[in-house]
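This report walks through one model, element by element. Please keep the sequence and the 3D view open while reading.

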Amino acid sequence: MLARRAARVETAGLAPKLDGGSPLWLEALGANVLDVDGNRYLDLTSGFGVAVVGHRHPAVVAAVRRQSGRLVHGLGDAHGHPLRIELAAALKAVAPVRDGRVGFAVSGADAVELAVKTALLATGRSRLLAFEPAYHGLTFGALALSSRPHFRRAFDRHLHRRVKRLAYGCAPRRLASELAGGEFAAVVVEPVVGREGILLPPPGWLVELGSLCRRHGTLLVADEILTGGGRTGRWFAVDHDAVQPDLLCCGKALGGGLPIGAVIGSAAVMSAWDAPGEARHTATFVAHPLACAAALATLRVIADERLVDRGARIGAELAAALSDWPSRFAQVRAVRGRGALWGIEWRSPAAAAGFSERLLRRGVLILRGGATGCVTQLLPPLVTTARQLAFALREAAAAAE
Ligand SMILES: Cc1ncc(COP(=O)(O)O)c(C=O)c1O
(Lines give C-alpha, C1' and ligand atoms only; values in the text may rest on other atoms or scores of the structure.)
Protein backbone atom coordinates (compact mmCIF):
# COMPACT_ATOMS: atom_id res chain seq x y z
CA MET A 1 0.00 0.00 0.00
CA LEU A 2 2.65 2.47 1.11
CA ALA A 3 4.87 1.33 -1.77
CA ARG A 4 2.11 2.22 -4.25
CA ARG A 5 1.60 5.57 -2.54
CA ALA A 6 5.35 6.31 -2.61
CA ALA A 7 5.40 5.62 -6.34
CA ARG A 8 2.76 8.33 -6.84
CA VAL A 9 4.46 10.98 -4.72
CA GLU A 10 8.21 10.29 -4.62
CA THR A 11 10.67 10.29 -7.48
CA ALA A 12 11.67 6.90 -8.81
CA GLY A 13 15.44 6.67 -8.94
CA LEU A 14 15.82 9.04 -6.00
CA ALA A 15 13.60 7.36 -3.41
CA PRO A 16 14.17 3.85 -1.96
CA LYS A 17 12.90 0.98 -4.09
CA LEU A 18 10.12 -0.48 -2.01
CA ASP A 19 9.13 -3.32 -4.30
CA GLY A 20 12.28 -5.41 -3.68
CA GLY A 21 11.43 -6.34 -0.09
CA SER A 22 13.45 -3.55 1.50
CA PRO A 23 11.90 -2.63 4.84
CA LEU A 24 10.18 0.66 5.65
CA TRP A 25 11.82 1.79 8.86
CA LEU A 26 9.42 2.84 11.61
CA GLU A 27 11.64 2.98 14.67
CA ALA A 28 15.26 2.40 15.60
CA LEU A 29 17.04 2.12 18.92
CA GLY A 30 20.66 1.17 19.57
CA ALA A 31 21.56 -1.45 16.97
CA ASN A 32 17.93 -2.41 16.31
CA VAL A 33 15.49 -1.29 13.63
CA LEU A 34 11.75 -2.00 13.58
CA ASP A 35 9.87 -1.85 10.29
CA VAL A 36 6.25 -0.92 9.60
CA ASP A 37 5.30 -4.62 9.46
CA GLY A 38 6.66 -5.25 12.96
CA ASN A 39 9.87 -7.00 11.85
CA ARG A 40 12.95 -6.35 13.96
CA TYR A 41 16.42 -6.14 12.41
CA LEU A 42 19.95 -5.84 13.65
CA ASP A 43 21.39 -2.88 11.78
CA LEU A 44 24.89 -3.66 10.57
CA THR A 45 24.68 -0.68 8.23
CA SER A 46 24.64 1.80 11.15
CA GLY A 47 22.28 3.74 8.87
CA PHE A 48 25.03 4.41 6.27
CA GLY A 49 27.67 4.53 8.98
CA VAL A 50 25.94 7.19 11.06
CA ALA A 51 24.88 5.29 14.17
CA VAL A 52 28.29 4.92 15.83
CA VAL A 53 26.58 5.62 19.18
CA GLY A 54 23.55 3.62 18.04
CA HIS A 55 20.22 4.90 16.88
CA ARG A 56 18.41 7.33 19.14
CA HIS A 57 21.00 7.28 21.91
CA PRO A 58 19.25 8.61 25.06
CA ALA A 59 21.93 11.27 25.66
CA VAL A 60 21.60 12.53 22.07
CA VAL A 61 17.80 12.55 22.28
CA ALA A 62 17.93 14.42 25.61
CA ALA A 63 20.35 17.01 24.22
CA VAL A 64 18.16 17.61 21.17
CA ARG A 65 15.06 17.83 23.36
CA ARG A 66 16.78 20.32 25.67
CA GLN A 67 18.01 22.47 22.81
CA SER A 68 14.65 22.40 21.04
CA GLY A 69 13.21 24.12 24.13
CA ARG A 70 15.64 27.00 23.62
CA LEU A 71 16.75 27.63 20.07
CA VAL A 72 16.00 25.49 17.04
CA HIS A 73 17.36 27.67 14.28
CA GLY A 74 19.94 30.43 14.28
CA LEU A 75 21.47 32.87 11.87
CA GLY A 76 24.12 30.68 10.29
CA ASP A 77 27.35 32.52 9.71
CA ALA A 78 25.90 35.92 10.72
CA HIS A 79 25.04 35.45 14.42
CA GLY A 80 26.55 32.70 16.52
CA HIS A 81 25.23 30.53 19.31
CA PRO A 82 27.13 29.02 22.23
CA LEU A 83 26.85 25.38 21.19
CA ARG A 84 28.74 25.76 17.94
CA ILE A 85 31.68 27.23 19.86
CA GLU A 86 31.58 24.34 22.33
CA LEU A 87 31.36 21.85 19.49
CA ALA A 88 34.29 23.43 17.65
CA ALA A 89 36.35 23.17 20.83
CA ALA A 90 35.36 19.51 21.29
CA LEU A 91 36.29 18.70 17.68
CA LYS A 92 39.58 20.55 17.95
CA ALA A 93 40.39 18.50 21.06
CA VAL A 94 40.01 15.12 19.32
CA ALA A 95 41.09 15.81 15.73
CA PRO A 96 44.72 15.05 14.85
CA VAL A 97 45.23 18.44 13.21
CA ARG A 98 47.90 20.80 14.44
CA ASP A 99 46.37 23.98 15.98
CA GLY A 100 42.97 23.18 14.48
CA ARG A 101 40.22 25.56 13.48
CA VAL A 102 36.76 24.29 12.66
CA GLY A 103 34.51 25.15 9.74
CA PHE A 104 30.98 23.75 9.80
CA ALA A 105 29.07 22.12 6.96
CA VAL A 106 25.55 20.78 6.55
CA SER A 107 26.49 17.31 5.26
CA GLY A 108 29.45 15.13 4.40
CA ALA A 109 29.60 16.29 0.80
CA ASP A 110 29.40 19.90 1.97
CA ALA A 111 32.39 19.26 4.26
CA VAL A 112 34.32 17.96 1.23
CA GLU A 113 33.32 21.09 -0.72
CA LEU A 114 34.56 23.24 2.14
CA ALA A 115 37.86 21.36 2.44
CA VAL A 116 38.54 21.55 -1.30
CA LYS A 117 37.65 25.24 -1.51
CA THR A 118 39.92 25.87 1.49
CA ALA A 119 42.80 24.10 -0.25
CA LEU A 120 42.28 26.05 -3.49
CA LEU A 121 42.05 29.31 -1.57
CA ALA A 122 45.00 28.65 0.72
CA THR A 123 47.44 27.43 -1.93
CA GLY A 124 46.34 29.46 -4.96
CA ARG A 125 46.83 26.25 -6.97
CA SER A 126 44.18 24.70 -9.18
CA ARG A 127 44.71 20.94 -9.45
CA LEU A 128 43.37 18.21 -7.15
CA LEU A 129 44.54 14.64 -6.75
CA ALA A 130 42.05 11.92 -5.91
CA PHE A 131 41.99 8.15 -6.04
CA GLU A 132 40.37 5.24 -7.81
CA PRO A 133 38.15 4.07 -6.27
CA ALA A 134 36.88 6.88 -4.06
CA TYR A 135 33.59 8.19 -2.74
CA HIS A 136 33.40 11.75 -1.44
CA GLY A 137 29.74 12.60 -2.05
CA LEU A 138 27.63 13.66 -4.99
CA THR A 139 27.45 17.44 -4.98
CA PHE A 140 29.33 18.84 -7.98
CA GLY A 141 32.67 19.49 -6.26
CA ALA A 142 32.60 16.21 -4.35
CA LEU A 143 31.38 14.30 -7.41
CA ALA A 144 34.43 15.47 -9.33
CA LEU A 145 36.48 13.54 -6.76
CA SER A 146 34.23 10.47 -6.55
CA SER A 147 35.16 7.80 -9.04
CA ARG A 148 32.16 5.60 -9.83
CA PRO A 149 31.03 6.05 -13.46
CA HIS A 150 27.42 5.34 -12.50
CA PHE A 151 27.34 8.56 -10.44
CA ARG A 152 29.46 10.63 -12.81
CA ARG A 153 28.50 9.65 -16.35
CA ALA A 154 25.52 11.94 -16.93
CA PHE A 155 27.30 14.96 -15.44
CA ASP A 156 30.86 14.30 -16.48
CA ARG A 157 31.26 17.24 -18.84
CA HIS A 158 30.14 19.66 -16.11
CA LEU A 159 32.67 18.49 -13.55
CA HIS A 160 35.86 20.17 -12.40
CA ARG A 161 38.46 19.26 -15.06
CA ARG A 162 41.53 19.70 -12.91
CA VAL A 163 41.27 16.39 -11.04
CA LYS A 164 43.98 13.78 -11.51
CA ARG A 165 43.11 10.28 -10.38
CA LEU A 166 45.62 7.64 -9.30
CA ALA A 167 45.00 4.10 -8.09
CA TYR A 168 44.36 3.88 -4.34
CA GLY A 169 47.52 2.54 -2.76
CA CYS A 170 49.63 3.27 -5.87
CA ALA A 171 53.42 3.26 -5.73
CA PRO A 172 54.73 6.30 -3.81
CA ARG A 173 56.97 7.12 -6.78
CA ARG A 174 53.81 7.70 -8.89
CA LEU A 175 52.58 10.10 -6.23
CA ALA A 176 55.95 11.80 -6.06
CA SER A 177 56.17 12.36 -9.79
CA GLU A 178 52.69 13.94 -9.85
CA LEU A 179 53.23 16.15 -6.83
CA ALA A 180 56.74 17.27 -7.77
CA GLY A 181 55.39 19.78 -10.30
CA GLY A 182 53.89 21.84 -7.45
CA GLU A 183 50.53 22.23 -9.21
CA PHE A 184 48.30 20.34 -6.80
CA ALA A 185 46.37 22.23 -4.16
CA ALA A 186 45.31 19.07 -2.37
CA VAL A 187 45.33 15.32 -2.28
CA VAL A 188 41.94 14.08 -1.10
CA VAL A 189 42.02 10.61 0.40
CA GLU A 190 39.86 8.21 2.35
CA PRO A 191 42.17 6.69 4.99
CA VAL A 192 40.13 3.51 4.47
CA VAL A 193 38.10 3.39 1.26
CA GLY A 194 34.51 2.93 2.42
CA ARG A 195 31.54 2.88 0.11
CA GLU A 196 33.60 1.81 -2.89
CA GLY A 197 34.63 -1.48 -1.34
CA ILE A 198 36.40 -1.24 2.06
CA LEU A 199 40.05 -1.05 1.00
CA LEU A 200 42.86 -0.59 3.48
CA PRO A 201 45.88 1.45 2.42
CA PRO A 202 49.15 -0.49 2.10
CA PRO A 203 51.23 -0.26 5.30
CA GLY A 204 53.06 3.06 5.48
CA TRP A 205 51.30 4.47 2.41
CA LEU A 206 49.43 7.25 4.22
CA VAL A 207 52.61 8.30 6.01
CA GLU A 208 54.43 8.47 2.67
CA LEU A 209 51.54 10.42 1.15
CA GLY A 210 51.61 12.88 4.04
CA SER A 211 55.32 13.51 3.75
CA LEU A 212 55.17 13.90 -0.05
CA CYS A 213 52.37 16.44 0.37
CA ARG A 214 54.41 18.40 2.89
CA ARG A 215 57.50 18.32 0.67
CA HIS A 216 55.63 19.70 -2.33
CA GLY A 217 53.33 22.22 -0.64
CA THR A 218 50.19 20.19 -1.35
CA LEU A 219 47.57 19.98 1.38
CA LEU A 220 46.50 16.56 2.63
CA VAL A 221 42.72 16.29 2.97
CA ALA A 222 41.59 13.24 4.95
CA ASP A 223 37.98 12.37 4.26
CA GLU A 224 36.99 10.80 7.58
CA ILE A 225 33.28 11.21 7.00
CA LEU A 226 32.78 7.46 7.26
CA THR A 227 35.85 6.50 9.29
CA GLY A 228 35.77 9.18 12.02
CA GLY A 229 34.29 8.91 15.50
CA GLY A 230 35.84 5.59 16.49
CA ARG A 231 34.58 3.55 13.53
CA THR A 232 37.98 1.99 12.84
CA GLY A 233 38.99 1.52 16.47
CA ARG A 234 40.74 4.90 16.76
CA TRP A 235 39.11 8.32 16.95
CA PHE A 236 40.12 8.84 13.33
CA ALA A 237 41.50 6.33 10.85
CA VAL A 238 44.61 8.46 10.23
CA ASP A 239 45.46 7.92 13.91
CA HIS A 240 46.47 4.33 13.07
CA ASP A 241 49.43 5.81 11.18
CA ALA A 242 49.88 8.95 13.29
CA VAL A 243 49.28 11.01 10.14
CA GLN A 244 48.26 14.62 10.67
CA PRO A 245 46.26 15.91 7.71
CA ASP A 246 46.04 19.62 6.92
CA LEU A 247 42.29 19.31 6.57
CA LEU A 248 40.07 16.61 8.05
CA CYS A 249 36.42 16.15 7.00
CA CYS A 250 33.79 14.74 9.37
CA GLY A 251 30.13 13.97 8.96
CA LYS A 252 27.89 10.93 9.40
CA ALA A 253 28.54 9.76 13.01
CA LEU A 254 29.27 13.30 14.19
CA GLY A 255 25.62 14.33 14.44
CA GLY A 256 24.44 11.18 16.24
CA GLY A 257 21.68 10.97 13.62
CA LEU A 258 21.24 14.67 12.83
CA PRO A 259 22.80 16.11 9.68
CA ILE A 260 26.02 18.01 10.24
CA GLY A 261 29.50 18.06 8.79
CA ALA A 262 32.71 19.77 9.75
CA VAL A 263 36.21 20.44 8.53
CA ILE A 264 39.04 20.75 11.00
CA GLY A 265 42.00 22.46 9.38
CA SER A 266 45.24 23.89 10.65
CA ALA A 267 44.91 27.54 11.65
CA ALA A 268 47.38 28.64 8.98
CA VAL A 269 45.35 26.96 6.23
CA MET A 270 41.92 27.98 7.51
CA SER A 271 43.06 31.61 7.79
CA ALA A 272 42.66 31.76 3.98
CA TRP A 273 38.96 32.46 4.61
CA ASP A 274 39.64 35.49 6.78
CA ALA A 275 38.69 38.33 4.46
CA PRO A 276 36.31 41.28 4.52
CA GLY A 277 32.73 40.77 3.35
CA GLU A 278 30.29 37.93 3.75
CA ALA A 279 31.38 34.35 4.43
CA ARG A 280 32.31 32.78 1.11
CA HIS A 281 31.15 29.31 2.06
CA THR A 282 27.97 29.03 4.07
CA ALA A 283 24.44 27.67 4.06
CA THR A 284 21.18 28.65 5.71
CA PHE A 285 21.34 25.72 8.13
CA VAL A 286 25.07 25.70 8.84
CA ALA A 287 25.98 24.86 12.47
CA HIS A 288 22.31 24.18 13.13
CA PRO A 289 21.68 24.41 16.90
CA LEU A 290 19.90 21.05 17.15
CA ALA A 291 22.63 19.31 15.14
CA CYS A 292 25.33 20.98 17.26
CA ALA A 293 23.59 19.81 20.45
CA ALA A 294 23.36 16.28 19.06
CA ALA A 295 26.99 16.34 17.93
CA LEU A 296 28.27 17.53 21.31
CA ALA A 297 26.29 14.79 23.04
CA THR A 298 27.60 12.25 20.52
CA LEU A 299 31.25 13.18 21.12
CA ARG A 300 30.64 12.89 24.87
CA VAL A 301 29.00 9.47 24.48
CA ILE A 302 31.91 8.21 22.37
CA ALA A 303 34.32 9.29 25.13
CA ASP A 304 32.20 8.31 28.18
CA GLU A 305 31.24 4.88 26.86
CA ARG A 306 34.77 4.22 25.58
CA LEU A 307 33.38 3.45 22.17
CA VAL A 308 36.71 3.88 20.40
CA ASP A 309 38.05 0.90 22.39
CA ARG A 310 34.82 -0.94 21.68
CA GLY A 311 35.40 -0.30 17.95
CA ALA A 312 38.81 -1.95 18.24
CA ARG A 313 37.32 -4.92 20.11
CA ILE A 314 34.55 -5.32 17.51
CA GLY A 315 37.35 -5.32 14.93
CA ALA A 316 39.09 -8.19 16.69
CA GLU A 317 35.81 -10.12 16.96
CA LEU A 318 34.98 -9.59 13.28
CA ALA A 319 38.51 -10.53 12.22
CA ALA A 320 38.32 -13.76 14.21
CA ALA A 321 34.89 -14.64 12.83
CA LEU A 322 35.43 -13.70 9.18
CA SER A 323 39.06 -14.48 8.43
CA ASP A 324 38.40 -18.08 7.33
CA TRP A 325 35.46 -17.16 5.08
CA PRO A 326 37.45 -17.22 1.81
CA SER A 327 38.46 -20.83 2.48
CA ARG A 328 35.09 -21.76 4.00
CA PHE A 329 32.69 -20.33 1.43
CA ALA A 330 33.29 -20.91 -2.28
CA GLN A 331 31.69 -17.61 -3.30
CA VAL A 332 33.80 -15.44 -0.98
CA ARG A 333 36.91 -14.01 -2.59
CA ALA A 334 38.28 -11.95 0.31
CA VAL A 335 37.42 -10.30 3.63
CA ARG A 336 39.09 -7.18 4.97
CA GLY A 337 38.46 -4.40 7.41
CA ARG A 338 39.50 -2.44 10.43
CA GLY A 339 37.55 -1.85 13.63
CA ALA A 340 33.84 -1.86 12.93
CA LEU A 341 34.25 -1.37 9.17
CA TRP A 342 34.45 -4.63 7.21
CA GLY A 343 33.95 -5.75 3.67
CA ILE A 344 33.24 -9.20 2.29
CA GLU A 345 34.17 -9.45 -1.38
CA TRP A 346 32.13 -11.98 -3.35
CA ARG A 347 32.98 -13.60 -6.66
CA SER A 348 30.05 -11.90 -8.42
CA PRO A 349 27.48 -9.15 -7.82
CA ALA A 350 24.82 -11.88 -7.82
CA ALA A 351 26.56 -13.68 -4.95
CA ALA A 352 26.80 -10.41 -2.99
CA ALA A 353 23.15 -9.63 -3.65
CA GLY A 354 22.03 -13.15 -2.71
CA PHE A 355 23.93 -12.96 0.58
CA SER A 356 22.49 -9.59 1.60
CA GLU A 357 18.95 -10.65 0.66
CA ARG A 358 19.19 -13.91 2.63
CA LEU A 359 20.62 -12.01 5.58
CA LEU A 360 17.81 -9.46 5.42
CA ARG A 361 15.31 -12.31 5.68
CA ARG A 362 17.24 -13.54 8.73
CA GLY A 363 16.87 -10.13 10.37
CA VAL A 364 20.27 -8.54 9.71
CA LEU A 365 20.78 -5.40 7.60
CA ILE A 366 24.03 -4.93 5.69
CA LEU A 367 25.16 -2.64 2.88
CA ARG A 368 25.98 -3.83 -0.59
CA GLY A 369 28.19 -1.67 -2.69
CA GLY A 370 31.50 -0.92 -4.23
CA ALA A 371 32.10 0.02 -7.82
CA THR A 372 31.85 -3.68 -8.75
CA GLY A 373 28.76 -4.47 -6.65
CA CYS A 374 30.71 -7.41 -5.21
CA VAL A 375 31.46 -6.10 -1.73
CA THR A 376 29.00 -6.44 1.14
CA GLN A 377 29.77 -4.11 4.00
CA LEU A 378 29.41 -4.64 7.73
CA LEU A 379 29.35 -1.49 9.86
CA PRO A 380 27.90 -2.36 13.26
CA PRO A 381 27.10 0.49 15.64
CA LEU A 382 29.82 0.63 18.29
CA VAL A 383 27.16 0.02 20.94
CA THR A 384 26.36 -3.40 19.42
CA THR A 385 26.54 -5.89 22.28
CA ALA A 386 28.63 -9.07 22.17
CA ARG A 387 25.36 -11.03 22.07
CA GLN A 388 23.99 -9.02 19.14
CA LEU A 389 27.25 -9.39 17.24
CA ALA A 390 27.31 -13.15 17.87
CA PHE A 391 23.73 -13.38 16.55
CA ALA A 392 24.64 -11.39 13.44
CA LEU A 393 27.71 -13.50 12.73
CA ARG A 394 25.79 -16.75 13.21
CA GLU A 395 23.09 -15.59 10.78
CA ALA A 396 25.71 -14.28 8.35
CA ALA A 397 27.50 -17.64 8.26
CA ALA A 398 24.18 -19.39 7.62
CA ALA A 399 23.34 -16.90 4.82
CA ALA A 400 26.78 -17.36 3.24
CA GLU A 401 26.28 -21.14 2.65
C1 LIG B 1 33.96 8.89 2.68
C2 LIG B 1 32.71 9.68 2.40
N3 LIG B 1 32.81 10.96 2.06
C4 LIG B 1 31.73 11.72 1.79
C5 LIG B 1 30.47 11.18 1.87
C6 LIG B 1 29.27 12.04 1.55
O7 LIG B 1 28.56 12.32 2.72
P8 LIG B 1 27.03 12.78 2.62
O9 LIG B 1 26.28 11.61 2.09
O10 LIG B 1 26.66 13.13 4.04
O11 LIG B 1 27.00 13.96 1.72
C12 LIG B 1 30.32 9.83 2.21
C13 LIG B 1 28.99 9.21 2.24
O14 LIG B 1 28.81 8.02 2.16
C15 LIG B 1 31.47 9.06 2.49
O16 LIG B 1 31.38 7.77 2.82
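Helix H5 is mostly covered, with 14 of its 16 residues buried. Buried means that 20 or more other C-beta atoms lie within 10 Å of a residue's own; exposed means 12 or fewer; partly exposed is in between; C-beta atoms are placed from the backbone. Helices (H or I, at least four residues) and strands (E, at least two) are DSSP runs, numbered from the N terminus.

The model is predicted: local features need pLDDT of at least 70, side-chain atom pairs count only at pLDDT 80 or more, and totals for chains, interfaces and linings use all residues. Residues are numbered from 1 along each chain as its sequence is written.

**H5 and the ligand**

H5 covers residues 108-123 and supplies three residues to the shell around the ligand, the largest share. The shell holds 15 residues. Gly108, Ala109, Gly137, Ile225 and Leu226 are the closest. A residue counts as near a molecule or strand if its C-beta atom, placed from the backbone, lies within 6 Å of it. By class, the shell has six nonpolar, six polar and three charged residues. Here Ala, Val, Leu, Ile, Met, Phe, Trp, Tyr, Cys and Pro count as nonpolar, Asp, Glu, Lys and Arg as charged, and the others, Gly among them, as polar.

Just after H5, Gly124 takes a positive phi of about 75°.

Which residues of H4 are buried? They are Leu83, Arg84, Leu87, Leu91 and Val94. These cover an arc of only 95° around the axis, which puts them on the same side of H4. The arc is that of the directions from the helix axis to the C-beta atoms. An α-helix has 3.6 residues a turn, so residues three or four places apart point the same way. Turned away from the buried side of H4 is a face with the exposed residues Pro82, Ala89 and Ala93.

The buried residues of H4 pack against strand S4 (100-105), strand S10 (261-266) and helix H11 (289-304). Contact means C-beta atoms, placed from the backbone, within 7 Å. Five of the six residues of S4 are buried, so S4 is largely enclosed by the rest of the structure.

**Strand pairs**

Two strands pair if DSSP finds at least two bridges between them.

| Strands | Bridges | Facing residues |
|---|---|---|
| S4 and S10 | six | Phe104 and Ala262 |
| S11 and S12 | six | Val335 and Ile344 |
| S2 and S3 | three | Leu34 and Arg40 |

S2 and S3 also belong to an open sheet of four strands, in the order S1-S2-S3-S13, with mixed pairing. Strand S1 (25-29) and strand S13 (364-365) stand at the edges, each with a single partner strand, so one side of each is left without a neighbour in the sheet.

S11 spans residues 332-338 and S12 spans residues 341-346. Their hairpin has two residues between the strands, and Gly339 there takes a positive phi near 60°.

**Backbone details in loops**

Where does Ala242 lie? Its place is the loop between strand S8 (219-223) and strand S9 (247-250). Ala242 has a positive phi of about 50° although it is not a glycine. Ala242 is exposed, with 11 other C-beta atoms within 10 Å.

Arg306 lies in the loop between H11 and helix H12 (307-322). Arg306 also is not a glycine, yet has a positive phi of about 50°. Arg306 is exposed, with 12 other C-beta atoms within 10 Å.

A cis peptide bond joins Glu132 and Pro133, with omega about 0°. Pro133 is found in the loop between strand S5 (127-132) and helix H6 (140-145).

Methods. Two residues are in contact if their C-beta atoms, placed from the backbone, lie within 7 Å.
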